[in-house]
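Hi,

Here's the structure I said I'd pass along. Have a look at it first, and then read on for what turned up.

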Amino acid sequence: MPVGVGRFELPTSTSRTWRANRTTLHPDYYKMPPKVLNLPHLKTKTLKTKTIFLPLFVFLISAFSAFSTPPEKHKLNFNVKGLQNTKCYMGFYYGDKTYVLDSANVDAKGNFHFEGDSALTGGIYFVLLKNKRYFEFIIDKEQKFTMLTDTVNFIKSMKVEGSPENQAFYDYLNYADSKYSRMHDLKDSAKTPAQKEMIKGKMDSLNLIVKKYKEDFMAKHPDFFMSEIFKAAETPDVPPTPTLPNGRKDSTFGYRYYKAHFWDNINFSDDKMVHTPPEIFFNRIKEYFKSLTFPIPDSINAAADYLVAKARKSPDMFKFLLNYITYTYANSDIMGMDAVYVHMVKTYYTPQNITWESASQLEKMRENADQLEPVLIGKKAPSMVLSDTSNVMTALDSVKARYTILVFWDYDCGLCQQEIPKLIKWYDAHKDQGIEVYAVEINDNEAAKWKEYIKKHKLDWINVADIFHTSNYHHDYDVISTPMIYVLDENKRIIGKKIDVKDLDGVLKHDMQINSMKK
């Protein structure tokens with residue numbers, strides 16, 4: 001019986017279905033270029049739209065409509081010896097998440113089935129038992145088949161009728177298990193360096209044998225999804241490092257080659273890749289952005305554009321990549337990554353590209369991106385003229401300082417009462433270095449109490465407020481909480497934003513390093 005789409009976490013102690021499919025690249029080949037300094041920790045306060053993962057049995061009528069399914073029926077029959085008079089579930093993968101799609105009652109003889117009036121989207125599915133054990137199967141062209149197994153050992157006992165690909169899938173699992181199980185036991189028992197080296201040699205030989213099995217399988221079954229999975233598991237084979245004209249080895253060759261060929265074996269035109277365990281596709285996406293792409297917005301934007309372009313012809317892949325990249329960087333803890341969110345929204349989130357969001361939601365996202373764009377790292381800070389404690393209009397642009405700390409705060413804010421004293425102490429230690437503070441009190445209706453706080457705590461910097469209600473700084477600077485700190489250079493260019501006082505030194509040090517490199 002269909003139960004709607006519900007999020008479910010599979011147990012981590014699974015069979016080795018997809019484990020050890022990827023070859024670990026030798027460390028000498030895998031070297032990043034000179035490290036880019038990650039700027040201080042920041043909880044990005046951009047659009048807070050979140051994916052809602054429903055409880056296991058909650059009905060969700062439209063969630064699965066994103067899958068492109070042809071108008072065919074599916075009927076999957078199962079018999080599991082040792083299982084009786086209980087309930088089990090059918091689920092699927094989506095990126096790094098697992099969802100339950102359907103449920104079935106198991107009779108006294110272990111029989112149950114899942115069926116529906118439309119075809120299932122291709123990918124890797126699983127049958128989940130109440131004790132959290134599960135086994136997987138492939139959905140592609142064959143959507144009417146029978147699987148028979150035993151709770152003692154799902155893999156060794158599996159027989160498949162009506163699906164040559166799933167039978168081939170379990171033939172491989174049994175083959176791989178027969179090869180690797182004994183070797184893993186030996187690996188765990190190796191104590192001395194000599195024993196470990198011996199086991200490594202045997203593992204290398206074993207990997208070559210299994211690799212040959214996969215190559216023969218792909219040649220025999222080029223149309224099977226398993227062949228695509230085997231191909232996707234292969235990492236680039238990096239050739240020897242060349243020697244430069246100056247006689248030195250090209251230290252970044254391995255990195256550049258590995259990145260350039262990282263996606264050679266991934267079919268971005270096949271939606272089924274999105275619906276596979278994380279080890280097959282999703283972890284590749286994470287590795288590409290976290291390990292192979294400079295952690296700066298321009299590099300991430302270029303990487304995102306590259307992947308999205310490859311997925312244009314695959315509706316599910318296109319949707320997955322857009323959503324994953326956009327919302328990952330919208331909620332990044334790395335300062336300045338909201339620039340990726342802005343890029344993604346302004347480049348792709350149009351009614352022509354995005355069919356799964358409502359027009360109103362798209363409009364909200366684009367408005368949010370438009371608001372954030374003027375205060376991205378590297379932008380000139382929006383102009384602001386506010387009243388000081390003597391009702392003298394003081395422009396932010398008029399502040400002459402090597403660095404200006406722009407802080408939005410409220411004398412009555414609990415967190416501000418913790419952070420402002422820290423800022424006072426930091427300012428007293430740094431003000432002789434050409435640093436000024438432009439402090440904006442957001443509670444402009446309590447001028448007397450604001451001035452009293454300034455006097456009591458000796459806030460010896462530029463204190464201003466919108467006494468005459470002429471400014472729109474809340475919108476211009478995306479002030480949605482306090483305290484909120486921006487760091488500006490001498491040209492009032494934003495070099496840091498939405499950080500804590502403890503991060504100020506890191507931001508200034510980073511900017512000084514960048515400036516020294518330019519000279």
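Helices (H or I, at least four residues) and strands (E, at least two) are DSSP runs, numbered from the N terminus.

Please keep in mind that this is a predicted model, where local features need pLDDT of at least 70 and side-chain atom pairs count only at pLDDT 80 or more, while totals for chains, interfaces and linings use all residues. Residues are numbered from 1 along each chain as its sequence is written, and side-chain values use heavy atoms, with hydrogens and water left out.

Overall, the protein has 14 helices and 16 strands. Of its 519 residues, 49% are buried (under 20% relative accessible area, with exposed over 50% and partly exposed in between, using a 1.4 Å probe and protein chains only). Taking contacts (heavy atoms within 4.5 Å) between residues at least 6 apart in sequence, 69% join residues at least 24 apart.

Now the helix pair. The axes of H6 (residues 282-291) and H7 (residues 297-310) come within 10 Å and cross at roughly 150°, so the two helices are roughly antiparallel (over 145 degrees; under 35 is roughly parallel, 65 to 115 roughly perpendicular and the rest oblique). On the H6 side, Ile285, Tyr288 and Phe289 meet Ile300, Ala303, Ala304, Tyr306 and Leu307 of H7. That contact is made of eight nonpolar residues, no polar and no charged (Ala, Val, Leu, Ile, Met, Phe, Trp, Tyr, Cys and Pro count as nonpolar, Asp, Glu, Lys and Arg as charged, and the others, Gly among them, as polar).

Then there's an open sheet of four strands, ordered E5-E2-E8-E9, with mixed pairing (two strands pair if DSSP finds at least two bridges between them). E5 (111-116) and E9 (159-161) are at the edges with a single partner strand each, so one side of each has no neighbour in the sheet. From one strand to the next, the twist averages 15°. E8 (residues 144-150) pairs with E9 in the antiparallel sense over three bridges, and methionine 147 stands opposite valine 160 in E9.

Also in E8 is phenylalanine 145, which counts as buried because its relative accessibility is 2%. Its C-alpha atom is 7.4 Å from that of valine 160, 15 residues apart along the chain. Leaving aside neighbours within four places in sequence, the contacts of phenylalanine 145 include Leu76, Phe137, Ile139 and Asn166.

Cheers

Definitions and conventions:
Axes are lines fitted to C-alpha atoms, for helices over the stretch in contact, and angles run from 0 to 180 degrees between N-to-C directions.
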